[in-house]
Amino acid sequence: MEASVERKLSWTEKLINWRNQYVSDKQFTLILAFFIGLFASVAAFVLHWIIREIQLLLTAGFNITSANWLYLVFPVIGIFLTSVFVRRVVRDDISHGITRILYAISSKQSRLKKHNCWSSVIASAITIGFGGSVGAEAPIVLTGSAIGSTLGQIFHVDNKRLMLLVGCGAAGAIAGIFKAPIAGLVFTLEVLMVDLTMASLLPILTASVTATCFTYLFVGTDSLFSFHLDDVWKVERVPACILLGLFCGLVSWYFIRMMTACENVFARMKDRPYAKLLLGGLMLSSLIFFFPSLYGEGYSALNILLNGKTEADWNMILNNSMFYGHGDMLIFYIALVLLTKVFATSATNGGGGCGGTFAPSLFIGGFAGFLFSRLWNMNQIGVYIPEKNFALLGMGGVMAGVMHAPLTGIFLIAEITGGYQLLIPLIIVAVSSVITISLFEPHSIYAMRLAKEGKLITHHTDHSVLTLMNLNSVIERDYISVSPEMPLGKLVHVISQSQNNFIPVLDEAGTLLGEIDITEIRHVIFRTELYQKFQVSQVMTQGMETLGMNDPMEEAMRMFEETNADFLPVVDVKNRLVGYIPRTRIYSMYRNMVADMSAE
């Protein structure tokens, strides 16, 4: 056993040495990007195959003319099995996949745990297959990014290229799922905020195109959503497109706010997993029982909206529910599904399931677009607008609003439906939606959690550098401290041994009480007659500015500018001294990182 391990390590080292000798960094990055795209497409295929097989097994005998009681059972089982798998097998939090990728990038390390290469696939397959009202995209994006991170770590690439490989995995995942290579590229640039340079463009494109090509080999050339343009766009519909964009922006705002509120409710129950399962399971199963369109990703319902031509076609969306045969209630049903989808998604993840908000945003967008166009036509407002076209535009509008990513919404919808003939209205709707949501939410649903903690990387170089800088790496922990009861005479002896102009004053627990500024006590340290009359507590400075271990680097830079100090103390949550940050070191690191990021 030990010999085989040695041979494996020797083989890996030989491969790395050969690569360093014969293959440049740029060439090797492209090679890794190819394999990342391949593995991401395989993961996407496996996940969707498992989901499809589970759903066929569970729902094959359902009666389309009435409600099915098993909808009350399957989602609860799925959430339970997923939570058991995560707690007993994975033993790690794998929720909020794209947010975790953003955090990995923003924390500079870009190191995702190796189990993310497979754990999200299994967990989300169980959740969605049994009816969880979430999407498979975020778990696959996490899987693809983890594959990129793992390959990068195996071959010891530097942090900058490791970040790029994580982006390649995300791009390959999106491209593989939707057969949309351009959408994979712009998703990585807009949502993950990987800077666009020639060094990053080629690897990301390589991963995207590779994943798309292999997906074609696995599942054929059919698009995820079938759409045929029957009514070409007319310029007279510009006002309707602008209003649809405004509506999509408001729907996006509703989605983000309600999702956050529901997550907060479940977060308060984090120590009670069975209570979370009970609440989430009851919410989800009840909603799916009344509105079967909420079962799973909901793409079959979206295809009905995108391909319907007559009332009979669109009424198929009422199948399997108590609304079957009541076509006059179609608008009411569509509106209720639109409003309740966010609760079904939150209940799925909050109860212990695993899935993303990518598919729910597409789902809500399609229903929002159909509802808008149907109400527009019913009230004969201006020119006629085709429902199926506006369902498609709504998908792009809400997704762009939720993700704050107009280009992703535009190109994804255009690619997955072949609807480039609707490119102009897609642009109008997506831009209007993002402008509207930006009035209420400055960050996407993925980035808002990190932004609140100051851990979000952006395209702004200065802010990105500060985000990537690690406060812990610049702390100096070698210092001499004194107690507040120490006589002045002994303090003078300590000062003679110190290399700094300051000495921290700590109590027995290590709590920072103040500091001795040598420049401020020169008038007494040379008066020997005072050595036994004064104590440290009488000459120390109190109320100095301190930094916390979890403070962002921006706070440290701001404090240096305001205080003009050469050193700042860093304390933990109990105000115990950890060390000091020197001004010269933090500014030197900042300049080096700015130069490094600008090199390409």
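Which hand does the crossing of α2 and α6 have, left-handed or right-handed?

## Two helices that cross

The crossing of α2 and α6 is right-handed. On the α2 side, the contact is made by L32, I36, F39, A40, A43, A44 and L47. Helix α6 brings I140, T143, G144, I147, G148 and L151 to meet them.

To find the pair in the viewer, look for α2 at residues 25–59 and α6 at residues 137–154. Their axes come within 9 Å of each other and cross at roughly 145°.

## How confident is the prediction?

Keep in mind that this is a predicted model. The protein chain has a mean pLDDT of 83, and 87% of its residues reach 70 or more. Take care with residues 1–8, though: the pLDDT there is below 50, and the stretch has zero contacts in the model beyond near neighbours in sequence.

## A buried lysine

K388 belongs to helix α16, which covers residues 387–403. With a relative accessible area of 7%, K388 counts as buried because the value is under the 20% cut-off.

Which residues is K388 in contact with, leaving aside its neighbours within four places in sequence? They are F227, H228, D230, L305, L306, N307 and G308.

## A mostly covered helix

Helix α8 spans residues 181–190, and nine of its ten residues are buried. Those buried in α8 are P181, A183, G184, L185, V186, F187, T188, L189 and E190.

Terms used
Residues numbered from 1 in each chain as written. Predicted model: local features only at pLDDT ≥ 70, side-chain atom pairs only at ≥ 80, totals over all residues. Heavy atoms only, no water. Axes fitted to C-alpha atoms, helices over the stretch in contact; angles between N-to-C directions. Helix = DSSP H or I, 4+ residues; strand = E, 2+ residues; numbered from the N terminus. Left-handed = near helix turned anticlockwise from the far one by under 90°. Contact = heavy atoms within 4.5 Å. pLDDT = per-residue confidence, 0-100. Buried < 20%, exposed > 50% of the residue type's maximum accessible area, 1.4 Å probe, protein only.
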